[in-house]
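The sequence and the structure are shown first.

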Amino acid sequence: MVSKMVSIIVPVYNIEKYLDDCIDSILKQVYQKIEVVLVDDGSDDGSSEKCDEWKKRDGRIKVIHQKNQGLSAARNAGIKEAEGEYILLVDGDDVIHPQMVELLLDIVIKHGCKIAFCEYEKFSDTTEIEKQRKERQAAFHVEIVSSEEYLIKLLCYKVRDVVWNGLYHRDIVLQNKFIIGKRNEDVWWKYLAIDAADEIASISNSLYYYRQREGSIMSTFCGLKVFDDLEGRYYRAAYIADKYPALKTLAFSEVIAACMNFYIYTQKYLSGKEQMQGFNMINIYRQFATLGVFEVLREKNMSRMRKISVIIQKVSFRLACYLKVIFAR
């Protein structure tokens, strides 16, 4: 393998309990030409001290301390400091397989891609994944697709918006900063990274382990703040429709599908003025994403269930949402 420096960016905020597992998994990478950039985003639980302790133990570790500004600002700060030709984004409460860097780097170099993604698994207890982390990832399948083909997968929920399961060439990352202040910032960023690459590589192995825990950003009730996600999906659809006209119907159908999910959320979790605001935002984005019946029927990449729900919502949005809940059971 050609020797390339890989920078691993780790945002840190009040994860003292999990940080050792994360850093330990990074330093045990089979591929050793790495630097680790720990970005302490104003932690007040002992995470800051842990970062400094790890820096003393391994010369490949850099530490940035900053006032709390959120995940996007932490990632941006780490990226600015990174010196590697390739960049990996790892959340500080997760862990990675010992071969994650090795395999993804080998794929991007071998196939000339600027991005490589792997599969991931969820866990709640580190012991659940110890065996998998130790097993050598010998056999795997690699798929190479165009940016447009990968965007289709994204819009059809065949892949997720998460950014931490990929290795990116630094050019891709430097030209697309994370938007500060938005919840679920991955929705706002990943499609831009995909569009900036000519081809995307995907590996069939699970090399990233996503920790499910109480108190994380994604598990915390955020009221109207969750609508950042819907806003991001609309801007994504508008961008894709402009850049890839053939994907316009698929892109805006995804916004409509998201509107249904947010309607269900708003009805269940919000009340009073907040609920009214939520419904108003949903109506606005539905109007932006208006689609004709025939263009929906002609869209070859859209699932039959999405086609049905998108058409039904043109007659009765509430009915479409109700049916979505019924069929989800």
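The model is predicted, so local features need pLDDT of at least 70 and side-chain atom pairs count only at pLDDT 80 or more, while totals for chains, interfaces and linings use all residues. Residues are numbered from 1 along each chain as its sequence is written, and side-chain values use heavy atoms, with hydrogens and water left out.

**Nonpolar surface**

Leu319 is partly exposed because its relative accessibility is 41%. This residue is found in helix H14; helices (H or I, at least four residues) and strands (E, at least two) are DSSP runs numbered from the N terminus. Together with Met305, Ile308, Tyr322, Ile326 and Phe327, Leu319 makes a nonpolar surface patch of about 600 Å². Such a patch joins nonpolar side chains (Val, Leu, Ile, Met, Phe, Trp, Tyr) within 5 Å, and like charges within 9 Å, among residues with over 30% relative accessible area and no salt bridge. Areas come from the Shrake-Rupley method with a 1.4 Å probe, and for residues only the protein chains shown count as cover. Helices H13 (304-315) and H14 (317-328) each supply at least two patch residues, and the largest share, four residues, comes from H14.

**Interior**

A nonpolar core is a set of buried Ala, Val, Leu, Ile, Met, Phe, Trp, Tyr and Cys residues joined through side-chain atoms within 4.5 Å. In the largest core, of 63 residues, Tyr168, Leu230 and Ile282 touch the most other members. Helix H10 gives the largest share of this core, eleven residues. A second, separate core has 42 residues, including Ile26, Val36, Cys113 and Ala116.

Thr266 is found in helix H10 (residues 248-269) and counts as buried, at 0% relative accessibility. Leaving aside neighbours within four places in sequence, Thr266 is in contact (heavy atoms within 4.5 Å) with Phe227, Gln275, Gly278, Phe279 and Ile282.

**Salt bridges**

Side chains of opposite charge can pair when their charged atoms come close. A salt bridge is a side-chain nitrogen of Lys or Arg within 4 Å of a carboxyl oxygen of Asp or Glu.

| Glu83 | Lys62 | 3.0 Å |

Glu83, in the loop between helix H3 (71-81) and strand E4 (86-89), and Lys62, in strand E3 (residues 61-66), are 21 residues apart, and the pair links distant parts of the chain. Glu83 is exposed, at 59% relative accessibility. Glu231 lies in helix H9 (residues 227-243) and Lys182 in the loop between H7 and H8, so this pair ties together parts that are 49 residues apart in sequence. Glu231 is buried at 18%, whereas Lys182 is partly exposed at 24%. In the remaining tabulated pair, Asp228 is buried at 9% and Lys225 is partly exposed at 36%. A network of salt bridges links Asp161, Asp229, Arg233, Arg236 and Glu254.

**Backbone**

Asn14 has a phi near 50°, a positive value in a residue other than glycine. Asn14 lies in the loop between strand E1 (6-12) and helix H1 (16-27) and is partly exposed, with a relative accessible area of 24%.

Notes:
Buried < 20%, exposed > 50% of the residue type's maximum accessible area, 1.4 Å probe, protein only.
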